[in-house]
Amino acid sequence: MVLIIQKTLMYAVPLLIVALAGVFAERSGIINLALEGEMIFGAFCGAIVGIAFAKHNILIEKPQAIFVILMIVAAAGGAIYSLMLSFSAINLKADQTIGGTALNMLAPAIVNTVGLAFFNQEKLVMPSNFKSYAIKNPDPNANPIVQIFTDKAYISTYIVIIVFVILAIWMYKTKTGLRLRSCGEHPQAAASVGISVFKMRYLGTTISGALAGLGGYVYIATTAGATAEGSVQGMGFLALAIMIFGNWNPIWIALGALLFGFLKCVGAVSGQIEFLKAANLPIYFYNIIPYFVVLIVLAFTAGKSGCPKAEGIPYDKGQR
Amino acid sequence: MSKKNNSDSRSSSKSFLQNDGVKSLLSSLISILAGLAVGLVIMIVLACISPDIKASHVLKGLRFLVAGPFTGTHAGTNFGDMVFYATPLILCGLSVAIAFKTGLFNIGAPGQFLMGTLVSLSIALNINNSDKPVAGFFVWLIAVLLGMVAGALWGCIPGFFKAVFGVNEVIVCIMTNWIAANIASWVFSTQKHLHAKGKGGYLIKTGETGNMTPDLGFSKLFKGSYVDLGIIIAIIAAVVIYVILNKTTFGYELKACGYNKDASKYAGMNEKRNIILSMAIAGALAGLGGTLYYLNPGIEFNFNAAYMKLPDYGFNGIPAALLASSNPIGTIFSALFIRYLAQGGDHLVSAGYNRYVADIIIALIIYFAGFANLFRGILSKKKSAKEGK
């Protein structure tokens, strides 16, 4: 039980924040296919700064503080990287699929080039003490449920959940959030009431890039063993899928990410559940479950799509 | 080619620069030059920062990249390998391109690629024809055809979900990719008699069972390279797709669905059938890509890693198609070009750089290819400015 909750959270948290990243871009009207690339790039920025910190013994006795700083660095890296997408999609009205695909190819190429040129390896492994991010519980005999949220939780879990809630509320309950969303539905109408579509779309993709970068760092720090490399094992595309699964709506996305994370860890705990252990199914069977369940759910729930109407279409003033 | 872009095909001018085909070719060339230029800047920057790279390495590296497979002493082998590795890339590119033409984004090529691989290898490896070349050829043929069918059926899944339930094809493609990857690992992990001895996680090669792709003497021409009949099949596939899209009613319907689904439905076309068929063809092409790649006598399949990482060829079909603006014939050249640069990249180590610099340049070229509309606009403006005088 403890293990299930812990594993579910570990898997769902990066998925959650990167899926929200997708929502921010698409709600402003830009298809952000580059989530994967932004995750890789953000994680890589975080890892490089982390290694530099360890080398110069900065804050070495405060791993929690380092973790938070590196998350911010990763978010900044992702945001800067996403400017390339914004520039091509917003300024030059380029095809957003092409821009996103190019960014997905560019990120691993940069990571591997820099890794090989300056660290002589493609994988950047961060110092081992970086893995012990868990919040220390002063009472070692606390009950297991409390332990899940203290000893076995990463500080990133709380930060991500807080950021997720704040940004979701911001997008739906504030003036700027409404304006941002209007640019994804009908940019010409938005422009006619004085909203700068240009600025709003830049805002959307930049927040998107920052969240994806942050998610990328959280992913490598918690799930991928503190190793940055030219790949996040398709998590970016999976987050894109969760975003569509959640119908571009933060609440459904949160539920979708948790469901997916839960199904993903059934295999990991199958050894401890009697009837599953008796069935002795191969790992591949458990790996297929989450993807299969998503397809079944989609077949039954499809219908009204929450897809922003103007996503993917470059804003053209002349069409007003 | 002239039908490819409907936006300004009505232009009455017959000028060379106004031709859509010429314009897309020119804009592709511009993006290639821009990509190489920025790549050069990156190489200079790397030479300035990194202590291992000397200033003289910049020119050497650039020469290697431009020379591609003709760098170094084994030009024949390298050229043959370039052609061989371009084969799955062309087919996956075609797969993405035909889906694009129907308004669908086939990000499921990796899964279709794997299903083709799974079925064709299961046939080709389980029947031993090592001393019967004629029987081997027929088993190979059956393996290729069934590999295509497997890819087509796998491609039908996202098409079916899109047409019947109205589910976005991207999410179904991503889910089916991972399902395919796990099925491939699962099936091959149980087939213990196919496992290569002393090499954990790999299957035996088709060279050992005799059901491999004929090499048509290419291996003598390009000594020691993998190149085989596959490239001819890929080129034929590209021509067939070109003819389907541009010369048949069915192709016209597919494109009409891509431009405006509702209008084509109003015109009496069965848009649901077209979506499923388009994805089936896309799946067959990607499946053929996986089939031809792994039926080569020298290529081995790693079933242990298959479920953890999707095959790159499937995803790299997307840039191959995009660089060619989804033109089937153009996809042949864009795939060959991408492999040309990658072959040059393999030599960059001897110039102090690593091969990923070539990947950066390829990615930049794709990035600039996104500006094609801008370049086309500039080309058109020049023309109209002249007319204005």
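A residue is buried if 20 or more other C-beta atoms lie within 10 Å of its own. By this criterion, the buried residues of α10(B) are B:G251, B:E253, B:L254, B:K255, B:C257 and B:G258. The structure is a predicted model.

**Helix α10 of chain B and its surroundings**

- The cover over the buried residues of α10(B) includes α3 (75–101), α9 (230–247), α11 (261–266) and α12 of chain B.
- Helix α10 (residues 249–259) and helix α12 (residues 271–294) of chain B have axes that come within 10 Å and cross at roughly 105°.
- Angles of 65 to 115 degrees count as roughly perpendicular, and α10(B) and α12(B) are therefore roughly perpendicular to each other.
- On the α10(B) side, B:E253, B:L254 and B:C257 take part in this contact, and they meet B:E271, B:N274, B:I275 and B:S278 in α12(B).
- The contact of α10(B) with α12(B) comprises 3 nonpolar, 2 polar and 2 charged residues.

**The contact between the chains**

- Chain A contributes 39 residues to the contact, and chain B contributes 39 residues.
- On the side of chain B that touches chain A, two or more residues come from each of α5 (133–165), α6 (169–190), α14 (312–323), α16 (356–369) and α17 (372–388) of chain B.
- The residues on that side of chain B divide into 29 nonpolar, 8 polar and 2 charged.

**The two domains of chain B**

- Chain B is divided into domain 1, which covers 14–72 + 347–389, and domain 2, which covers 84–339.
- A distance of 29 Å separates the C-alpha centres of domain 1 and domain 2 of chain B.
- Domain 1 of chain B gives 6 residues to the contact between these domains, and domain 2 of chain B gives 5 residues.
- The elements that give two or more residues to the domain 1 side of this contact are α1 (20–49) and α16 of chain B.
- The most is given to that side by α16(B), with 3 residues.
- By class, the domain 1 side has 4 nonpolar, 2 polar and no charged residues.

**Helices α14 and α15 of chain B**

- The axes of α14(B) and helix α15 (residues 328–346) of chain B come within 8 Å, with a crossing angle of roughly 125°.
- The two helices α14(B) and α15(B) are therefore oblique to each other.
- The crossing in which α14(B) passes α15(B) is right-handed.
- From α14(B), the residues B:P319, B:A320, B:A321 and B:L323 meet B:T331, B:S334, B:A335 and B:I338 in α15(B).
- This contact of α14(B) with α15(B) has 6 nonpolar, 2 polar and no charged residues.

**Residues with positive phi**

- Most residues other than glycine have a negative phi.
- B:S325, a residue other than glycine, has a positive phi near 45°.
- The position of B:S325 is in the loop between α14 and α15 of chain B.
- B:S325 counts as buried because it has 24 C-beta neighbours inside 10 Å.
- A:Q233 is not a glycine, yet A:Q233 has a positive phi of about 50°.
- The loop between β2 (227–228) and α10 (235–245) of chain A contains A:Q233.
- A:Q233 is partly exposed, because 15 other C-beta atoms lie within 10 Å.

Methods. Residues are numbered from 1 along each chain as its sequence is written. Chains are lettered from A and ligands numbered from 1 in the order in which they are written. This is a predicted model: local features need pLDDT of at least 70, side-chain atom pairs count only at pLDDT 80 or more; totals for chains, interfaces and linings use all residues. Two residues are in contact if their C-beta atoms, placed from the backbone, lie within 7 Å. Helices (H or I, at least four residues) and strands (E, at least two) are DSSP runs, numbered from the N terminus. Ala, Val, Leu, Ile, Met, Phe, Trp, Tyr, Cys and Pro count as nonpolar, Asp, Glu, Lys and Arg as charged, and the others, Gly among them, as polar. Domain bounds come from an automatic or database domain assignment. Axes are lines fitted to C-alpha atoms, for helices over the stretch in contact, and angles run from 0 to 180 degrees between N-to-C directions. Angles under 35 degrees count as roughly parallel, over 145 as roughly antiparallel, 65 to 115 as roughly perpendicular and the rest as oblique. A crossing is left-handed if the near helix is turned anticlockwise from the far one by less than a right angle, and right-handed if clockwise. A residue is buried if 20 or more other C-beta atoms lie within 10 Å of its own, exposed if 12 or fewer, and partly exposed in between; C-beta atoms are placed from the backbone.
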